[in-house]
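Hi,

Here is the structure I promised to send over. Have a look at it first, and then read on for what turned up when I went through it.

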Amino acid sequence: MKLTSKGRYAVMALADLAKFNSVNPVSLRDISLRQGISLDFLEQIFSKLKKYNIVKSIRGTNGGYILNKEPEEIKLANILSAVDEEVKTVQCKKESKKGCNSKTTKCITHNLWDELEIHINNFFEQKNLKDLINNSCLLYTSPSPR
């Protein structure tokens with residue numbers, strides 16, 4: 001399982017925006033310089049984030065981007081979803097009648113990877129931009145048992 005650059009950079013860029021978004025819009029150029037992300041790539045990412053109402057663009061001389069919500073209201077799961085990032089730990093599709101490896105049954109480790117995917121997605125669902133800018137992202141509380 002691997003997150004693509006698009007997903008990682010979207011989270012990095014929005015954490016940067018949340019940190020520097022106190023009064024004025026933030027330019028993608030500034031984010032690009034601070035985070036070392038190409039401006040072209042940021043434009044692609046922010047186009048998707050704008051489409052999902054995570055950010056809003058402000059035109060003009062002092063234009064740039066602002067968050068559409070407070071940082072604590074923007075979950076990392078929403079950011080990843082907006083840029084078409086999907087956390088997937090198994091090859092097969094859950095709704096498929098075929099199992100893993102194109103066989104009729106699921107592979108012997110399927111449930112392990114499926115459970116890991118649930119944990120990862122719960123982690124991203126619990127974390128928000130405020131957690132990142134407060135640097136508390138390392139504190140993960142496991143969801144209560146089912």
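Let me start with a loop: Asp84 sits in the one between helix H4 (76–82) and H5. Its backbone is worth a look, as phi of Asp84 is near 65°, a positive value in a residue other than glycine. Most residues other than glycine have a negative phi. Asn53 is another case, with phi near 60°, again positive and again not a glycine. You'll find Asn53 in the loop that runs between H3 and E1.

Before going further, please keep in mind that this is a predicted model. The chain has a mean pLDDT of 85, and 82% of its residues reach 70 or more. Among the elements, helix H3 (residues 39–51) has the highest mean pLDDT, at 96, while helix H5 (residues 110–126) has the lowest, at 90.

Helix H1 (residues 5–20) packs on helix H2 (residues 28–35) at about 110°, and their axes are 10 Å apart. That angle makes H1 roughly perpendicular to H2, and the crossing is right-handed. On the H1 side the contact uses Met12, Ala13, Asp16, Leu17 and Phe20, and on the H2 side Ile31, Arg34 and Gln35. Sorted by class, the contact of H1 with H2 has five nonpolar residues, two charged ones and one polar one.

Next along is H2 with H3. Here the packing angle is about 120° and the axes are 9 Å apart. From H2, the residues involved are Leu28, Arg29, Ile31 and Ser32, and they meet Leu39, Leu42, Glu43 and Phe46 of H3. By class, the contact of H2 with H3 comes out at five nonpolar, one polar and two charged residues.

That leaves H1 with H3. Their axes come within 10 Å and cross at roughly 80°, so H1 and H3 are roughly perpendicular to each other. H1 brings Ser5, Lys6, Tyr9, Ala10, Ala13, Leu14 and Leu17 to this contact, and H3 brings Phe41, Leu42, Ile45, Phe46, Lys48 and Leu49. Ten of the residues in the contact of H1 with H3 are nonpolar, one is polar and two are charged.

Last, the strands. E1 (residues 55–58) and E2 (residues 64–67) form an antiparallel pair over four bridges, and Ser57 stands opposite Tyr65 in E2. The hairpin has five residues between the strands, and in it Gly60 takes a positive phi near 115°.

Cheers

Terms used
Residues are numbered from 1 along each chain as its sequence is written. This is a predicted model: local features need pLDDT of at least 70, side-chain atom pairs count only at pLDDT 80 or more; totals for chains, interfaces and linings use all residues. Side-chain values use heavy atoms; hydrogens and water are left out. pLDDT is the predictor's confidence in each residue, from 0 to 100. Helices (H or I, at least four residues) and strands (E, at least two) are DSSP runs, numbered from the N terminus. Axes are lines fitted to C-alpha atoms, for helices over the stretch in contact, and angles run from 0 to 180 degrees between N-to-C directions. Angles under 35 degrees count as roughly parallel, over 145 as roughly antiparallel, 65 to 115 as roughly perpendicular and the rest as oblique. A crossing is left-handed if the near helix is turned anticlockwise from the far one by less than a right angle, and right-handed if clockwise. Contact means heavy atoms within 4.5 Å. Ala, Val, Leu, Ile, Met, Phe, Trp, Tyr, Cys and Pro count as nonpolar, Asp, Glu, Lys and Arg as charged, and the others, Gly among them, as polar. Two strands pair if DSSP finds at least two bridges between them.
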